[in-house]
Amino acid sequence: MAIPRAIVAVAVMAAIAGLANATNFDVSWDLSTNYTQWVSGKTFLAGDTLSDYTSSHDMVEVRSSAYATCNATSPVSKSATGNTLVALGAPGKRYFICGIAGHCTRGMKIEIDVVTASSPPPGSSPSPSVSPAAPTPPASHPPAPSTAPRSTTRTTAKVALAVVLMMVLAL
């Protein structure tokens, strides 16, 4: 009886450990954030999620052409609950806009490039195998603080759930 429980426990831990590596990116729609800047420098992996808990906006997934024109009339999906969680499953481009009139044209739109864990981030190139370049001199002033909303939350609750499951299975 102990061996089947151990096998189940290991399988559950492996499944939850894979989920625990995912990142949640909190979009927090508002009209003052530069979402092009918010997306830059982030790597969105298959398995990550986007969330928006702002009930005064909606999150509409659209096709590329609708993204370019801020057209929310034929969405891929739409959530206006203020409690949105979007799974970024397969690699590829995903487009999201706020469907409230005038918000997309004022910048409330994001283009997400979902990659696999083994692919390089968008816009990067493989590291050259030549000798390193001369060091870059230090900046004369530190970069300005970001006004972008909170960007990531690690899913440690899933790890805690795994520990509780392990304890239950051990009984």
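Visitor: Which residues of strand β6 are on its covered face, and which are on the uncovered one?
Guide: This is a predicted model, and in it strand β6, residues 84-87, has Thr 84 and Val 86 on the covered face, while Leu 85 and Ala 87 lie on the uncovered one.

Visitor: And what does β6 pair with in the antiparallel sense?
Guide: β6 pairs with strand β3, which spans residues 49-52, and four antiparallel bridges link the two; across that pairing, Ser 51 stands opposite Leu 85.

Visitor: Switching topic, in what order do the strands of the five-stranded open sheet come?
Guide: The order is β2-β8-β7-β4-β5, and the pairing within this open sheet is mixed. β2 (44-45) and β5 (77-79) stand at the edges with a single partner strand each, so one side of each has no neighbour in the sheet.

Visitor: How many bridges join β2 to β8?
Guide: Two bridges join them, and these strands run parallel, with Leu 45 standing opposite Val 115 of β8.

Visitor: Which residues stand across from Ile 97?
Guide: Ile 97 of β7 is the bridge partner of Val 60, and Ile 97 also stands opposite Lys 109, which belongs to β8.

How values were computed:
Residues numbered from 1 in each chain as written. Predicted model: local features only at pLDDT ≥ 70, side-chain atom pairs only at ≥ 80, totals over all residues. Heavy atoms only, no water. Pairing = 2+ DSSP bridges. Buried < 20%, exposed > 50% of the residue type's maximum accessible area, 1.4 Å probe, protein only.
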